[in-house]
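Have your viewer open and try each task before reading its solution.

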Amino acid sequence: MTKIKVVQVSSDTNIGGAGKCILTFLENYDRERFEICAVIPRNSLLKPKLEETGVKIYEAEHIADKSLSIKGILELRRIFREIKPEIVHTHGAMSGRIAAKMCGIKTVFTRHSVFPPSARISKGIGKKINGFVNNRTADRIIAVAQAAKDNLTATGVSENKIDVILNGVSPLREYAPEELKNVRSKFGLAEGQKSAAIVARLNAVKGHKYFVEAAKAVIDSGIDAKFFIAGTGDTENEIKEQINSLGLSENVIMLGFMDNVEPLMNVMDVQINCSFGTEATSLSLLEGMSIGKPAVVTDFGGNPGVIESGVNGFLVPTKNSGEMAEKIKLLFESDELYGTLSENSKRIYNEKFTESVYTKNIEKIYLSLGGGKNGKA
């Protein structure tokens, strides 16, 4: 069997959601059918992780955190001519798509984010230009949530080019009772004490303000609980001040950056997502589901594609800390409801969000392109 040669291109120097998706695919793809290599910026933090997958890595000088640059296009064109791939799959790298088309190579790109498109590219001539460029430079487009697809079509991109492929993650290890007891102690959780957590960068649109307000409402109702915040970012001081001003320093704990969230995921009862400005398919929600953690999330972006109200968690309106608090209390207080939603979380994860399901869906896109070039490299 002749393998289909694919190049994955990322312009990221850090390991964000896109980088994690790339790694998930590279750890699980069918090596009998595909030959994969990767192009990344020099000194990208992705490199050590990519090396563990065994794929060949090419480092580029002119694409670091830049979607588009002339030097990047020329450099990538040279690299593609050396590799001679049949498909180029880009992540946040318009330079890669243009370079691939210059070489006559079929292209795929993944839209990893969800945000309201500006009028500049969603109306009038701007929409026409944006649609023309994206439709001409991509043979297939992967949207990681229905909301991401809606963003694309609102800016002139052809619906016929877009496939919605929800993210997938490897399952977390579920701790046995004795280990869980020890880890709970390390997080300062007393026996029987409930907990909720939010895992997200500290940015205003991630809605940590409303998480803290909801925590205040739950605690004021008489429920003994702790609320954990994992992540760093530009609103860190603001969140700290809010916690202190509300007298929540004993109950709302900022954990900072966590390289390994598995212990936190095991000790929390409920995961929270308060995003109102950008959210695709949250990887942390999927990880929590893999070990049966229900979630209370806003109805923004890709969240409704992951959480179904009353099935594996609850959807609440954005910026509504009162409604969020009520749903958290419901899960804290009803063991029967919690148990049902927990089992549903595991079931839905296994049906839709495993690394295997995700990888096979990406491979189907490659196969749909026939593994052929539409020109010469």
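**Exercise 1.** In which sense do strand S1 and strand S2 pair, and over how many bridges?

*Solution.* A note before we start: this is a predicted model, in which local features need pLDDT of at least 70 and side-chain atom pairs count only at pLDDT 80 or more, while totals for chains, interfaces and linings use all residues. Residues are numbered from 1 along each chain as its sequence is written, and side-chain values use heavy atoms, with hydrogens and water left out.

Step 1: find the elements, which are DSSP runs numbered from the N terminus (helices: H or I, at least four residues; strands: E, at least two). S1 covers residues 4-10 and S2 covers residues 34-41.
Step 2: check the pairing, which requires that DSSP finds at least two bridges between two strands. S1 and S2 are joined in the parallel sense over 6 bridges.

**Exercise 2.** In what order do the 7 strands of the open sheet lie?

*Solution.* Step 1: reading across, the order is S3-S2-S1-S4-S5-S6-S7, with parallel pairing.
Step 1: at the edges sit S3 (56-60) and S7 (162-164), each pairing on one side only.
Step 2: neighbouring strands here are turned by 20 degrees against each other on average, direction ignored. Axes are lines fitted to C-alpha atoms, for helices over the stretch in contact, and angles run from 0 to 180 degrees between N-to-C directions.

**Exercise 3.** Which strands does helix H7 lie across?

*Solution.* Step 1: H7 (residues 146-154) lies across S5, S6 (140-143) and S7. Contact means heavy atoms within 4.5 Å.
Step 1: H7 runs at about 160 degrees to S7.

**Exercise 4.** Where are the edges of the open sheet of 6 strands?

*Solution.* Step 1: its order is S10-S9-S8-S11-S12-S13, and the pairing is parallel.
Step 1: the edge strands are S10 (252-256) and S13 (313-316).
Step 2: helix H9 (residues 208-220) lies across S8, S9, S10 and S11 (270-273), at about 170 degrees to S9.

**Exercise 5.** At roughly what angle do the axes of H13 and H14 cross?

*Solution.* Step 1: the axes of H13 (residues 321-333) and H14 (residues 335-352) come within 5 Å and cross at roughly 100 degrees.
Step 1: the two helices are therefore roughly perpendicular to each other, a label for angles of 65 to 115 degrees.
Step 2: Leu330, Leu331 and Glu333 of H13 meet Asp335, Leu337, Tyr338 and Leu341 of H14.

Definitions and conventions: Parallel < 35°, antiparallel > 145°, perpendicular 65-115°, else oblique.
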